[in-house]
Amino acid sequence: MLNGVWVVGKGTNSVVFKCRPAIGNVELTCKVRRGDASRPTLAPEGQLLQIANTVGVGPRVYTYSRDVIAYFYIDGIPLGKWWASARVEERGAVVEELLRQAFKLDTIGVSHNELSRLEKHVLVERGRPVIIDFESASLGGGNNVTQVANGLMRLGLKPPLDALRRYKRCLCHEAFNDVLSQFLQQLT
Ligand SMILES: Nc1ncnc2c1ncn2[C@@H]1O[C@H](COP(=O)(O)OP(=O)(O)O)[C@@H](O)[C@H]1O
Ligand SMILES: [Mg+2]
């Protein structure tokens with residue numbers, strides 16, 4: 001708390017506050033560009049998050065400009081912290097949803113690019129994972145499932161290498177289902 005303002009996070013390029021619009025009773029998060037930021041604008045991040053929103057991924061964008069992105073507040077816990085005290089069934093549900101979200105991003109060609117550090121870039125809100133921070137995201141490619149798999153490995157799961165290799169080649173449903181089921185096998 002800073003003079004009545006909730007600071008929820010601080011990065012090298014931005015400060016993140018809880019905020020609300022002048023009209024309407026919704027809780028938002030405002031990601032504000034720092035004066036000393038190396039990035040000249042937050043607009044590409046806002047735009048990529050908005051594209052992710054079209055497949056239901058990421059906090060919903062309210063508005064954005066060069067210096068601020070306002071999106072819906074997520075009342076959640078960083079995945080790394082959540083994971084430590086989650087039951088195995090809860091972990092399974094979160095892993096499944098996370099992989100499905102990564103697959104959707106692959107389908108539309110939005111690459112998050114920082115998902116292998118899952119523990120910081122996913123918040124868990126009422127048992128549901130929300131992917132945040134599209135700062136390094138880009139259009140084209142689509143290797144989010146691979147990134148998530150690497151992140152899950154850091155949380156102690158064994159990556160299904162053969163299925164991942166096949167998925168990388170075809171980006172298809174069949175290989176994805178194999179990746180998913182081999183991860184979920186470890187969480188039952
Ligand atoms: N929609 C959100 N709801 C709640 N907290 C958020 C939200 N977005 C970001 N945060 C918090 O702010 C922190 C920094 O946000 P992030 O987008 O990762 O900024 P940076 O890239 O500058 O680190 C996050 O780790 C998280 O704790
Ligand atoms: Mg960041």
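A: We begin with a term for helix pairs: a crossing is right-handed if the near helix is turned clockwise from the far one by less than a right angle, and left-handed if anticlockwise. The model here is predicted. In it, the crossing of H3 and H7 is right-handed.

Q: How are two packed helices described in general, and at what angle do H3 and H7 pack?

A: The description of two packed helices uses the angle between their axes and the distance between those axes. For H3 (88–108) and H7 (residues 173–185), the angle is about 160° and the axes are 10 Å apart. An angle over 145 degrees counts as roughly antiparallel, and H3 and H7 are therefore roughly antiparallel to each other.

Q: Which residues of H3 and H7 meet?

A: From H3 come Gly 92, Val 95, Glu 96, Leu 99 and Phe 103, and they meet Phe 176, Val 179, Leu 180, Phe 183 and Leu 184 of H7. Sorted by class, this contact has eight nonpolar residues, one polar and one charged.

Q: How do the axes of H6 and H7 cross?

A: The axes of H6 (residues 161–170) and H7 cross at roughly 150° and come within 8 Å. That makes H6 roughly antiparallel to H7. The crossing of H6 and H7 is left-handed. On the H6 side the contact is made by Ala 163, Leu 164, Arg 166, Tyr 167 and Cys 170, and on the H7 side by Ala 175, Phe 176, Asp 178, Val 179 and Gln 182. By class, the contact of H6 with H7 has seven nonpolar, one polar and two charged residues.

Q: Which residues of H1 are buried, and what covers them?

A: In H1 (residues 43–53), the buried residues are Glu 45, Gly 46, Leu 48, Leu 49 and Ala 52. They cover an arc of only 170° around the axis, so they are on the same side of H1. The cover over the buried residues of H1 includes strands S4 (61–64), S5 (68–72) and S7 (110–111), together with helix H3.

Q: How many residues apart in sequence are Val 26 and Phe 72, and Ser 38 and Asn 13?

A: Val 26 and Phe 72 are 46 residues apart in sequence, with 7.7 Å between their C-alpha atoms. Val 26 sits in the loop between S2 (14–19) and S3 (28–33). Because 13 other C-beta atoms lie within 10 Å, Val 26 is partly exposed. Leaving aside residues up to four places away in sequence, Val 26 touches Arg 20, Pro 21 and Phe 72.

Ser 38 and Asn 13 are 25 residues apart in sequence, and 6.6 Å apart in space from C-alpha to C-alpha. Ser 38 is in the loop between S3 and H1. Ser 38 has 7 C-beta neighbours inside 10 Å, so Ser 38 counts as exposed.

How values were computed
Residues are numbered from 1 along each chain as its sequence is written. Chains are lettered from A and ligands numbered from 1 in the order in which they are written. This is a predicted model: local features need pLDDT of at least 70, side-chain atom pairs count only at pLDDT 80 or more; totals for chains, interfaces and linings use all residues. A residue is buried if 20 or more other C-beta atoms lie within 10 Å of its own, exposed if 12 or fewer, and partly exposed in between; C-beta atoms are placed from the backbone. Helices (H or I, at least four residues) and strands (E, at least two) are DSSP runs, numbered from the N terminus. The arc is that of the directions from the helix axis to the C-beta atoms. Two residues are in contact if their C-beta atoms, placed from the backbone, lie within 7 Å. Axes are lines fitted to C-alpha atoms, for helices over the stretch in contact, and angles run from 0 to 180 degrees between N-to-C directions. Angles under 35 degrees count as roughly parallel, over 145 as roughly antiparallel, 65 to 115 as roughly perpendicular and the rest as oblique. Ala, Val, Leu, Ile, Met, Phe, Trp, Tyr, Cys and Pro count as nonpolar, Asp, Glu, Lys and Arg as charged, and the others, Gly among them, as polar.
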